[in-house]
Amino acid sequence: MYYYFSAITPLFLRLGGANFGVISEGVRAVDLDGAPLIEALSLNGESGSFNFFPTDEFLSSPPEFATVTDMQGGYLIKIMNFPVKKGFAVIKQERIGNALITVFNDDGYKISIDSSGFYSESLPFPFTEVKICPLSLSGRSFICVIYKSEKYFIDLYDDKCEKVFSAVADDFSLSGGLFTVELKNDIAGHRIERSFGFIKEKIAETDRKVSYVKPFSVFSLPEKILPFAFAEELLCGGDLSPYISDELNGKIGKIKEFFGDFIGVTPPPTFRSFDEVGLVYRTGNRTYRIEYATFSVENRKITNFKIT
């Protein structure tokens, strides 16, 4: 079985007692027999060390320190070993109505909300600043907590101290609602602007504008790249018409329904066919699965596709 490993912070990996080497954000692959003991050892003591066996139980329900992606022929295991700040310290505390919200460090970042109910959780990411404020959406009141890191992590809580929304953005605005900007590091360099409201008892997207950070033309792409760019355009909710045939242009709604709610696009691993486009779907808490799509292209237009 092929295993691919990566880590948020560099780790030294041992597989069944044998040294494998350093893993980091870049993915490293190995072909393993059985389920040997995997030791992921901190290099500097700033993040944790982890030991585990890649059993069926681990792969289907990973602990908090890992995410697992089923690649259909292999597994990608990502170690979420964010650096941990030792000790206890209150970072930010605000009272909104009758709710007391506290963001603090206790050998790792955490948040608690004490009101008519109580909520607490560990925060699986580092940050440099935090903002806590009330937010009104479509006449409903929420507690908004925003963490600043390389990006902004935005969480909303209702009056029952329950988390009802999360988003990651490159920029945001709370002026008159909730608005986010996301910059994609993809082929076209997409910029996605979204607004949110409270609709049918849940927070939902109310508007989306898709553009490009720099001038981009589909016609400048090599033909073999077109399926990947198409999948990324579909993921962003952009204009599919330059990629597909006239016949498919009349079936855009069915195209979106066919591919469903995938959350990422990836090249195929070495054990899959080179002409497949990997589509990443969320399957559970910290678990994902890659489905593979193939495309028929004629005269630089996609005429058909299937998931293999």
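Helix H2 (residues 226-236) is largely enclosed by the rest of the structure, because 10 of its 11 residues are buried; buried denotes under 20% relative accessible area, exposed over 50%, and partly exposed in between, with a 1.4 Å probe and protein chains only. The buried set consists of Leu-226, Pro-227, Phe-228, Ala-229, Phe-230, Ala-231, Glu-232, Glu-233, Leu-234 and Cys-236. Gly-237 follows H2 and has a positive phi, near 80 degrees.

The model is predicted: local features require pLDDT of at least 70 and side-chain atom pairs pLDDT 80 or more, while totals for chains, interfaces and linings use all residues. Residues are numbered from 1 along each chain as its sequence is written, and side-chain values use heavy atoms, with hydrogens and water left out.

The protein contains four helices and 24 strands, taken as DSSP runs numbered from the N terminus (helices H or I, at least four residues; strands E, at least two). Of its 308 residues, 42% count as buried. The C-alpha trace spans about 60 × 55 × 35 Å along the principal axes. Among contacts (heavy atoms within 4.5 Å) with a separation of 6 or more, 42% are between residues 24 or more positions apart. The accessible surface is about 16200 Å², and carbon and sulfur atoms contribute 49% of this area; the areas were computed by the Shrake-Rupley method with a 1.4 Å probe, and for residues only the protein chains shown count as cover.

Four strands form an open sheet in the order E9-E10-E11-E12, with antiparallel pairing, where a pair requires at least two DSSP bridges between the strands. Strand E9 (88-96) and strand E12 (118-122) are the edge strands, each pairing on one side only. From one strand to the next the twist averages 15 degrees, with axes fitted to C-alpha atoms and angles running from 0 to 180 degrees between N-to-C directions. E9 and strand E10 (residues 99-106) run antiparallel and are joined by eight bridges. Glu-94 has Ile-101 of E10 as its bridge partner.

Gly-17 lies in the loop between strand E2 (11-15) and strand E3 (18-23). Its relative accessibility is 38%, so Gly-17 counts as partly exposed. Gly-17 and Val-277 are 260 residues apart along the chain, and their C-alpha atoms are separated by 35 Å.

The protein carries 33 positive and 40 negative side chains, with the centres of the two sets 3 Å apart. Lys and Arg count as positive and Asp and Glu as negative, without His and the chain ends; charges are placed at NZ of Lys, CZ of Arg, CG of Asp or CD of Glu.
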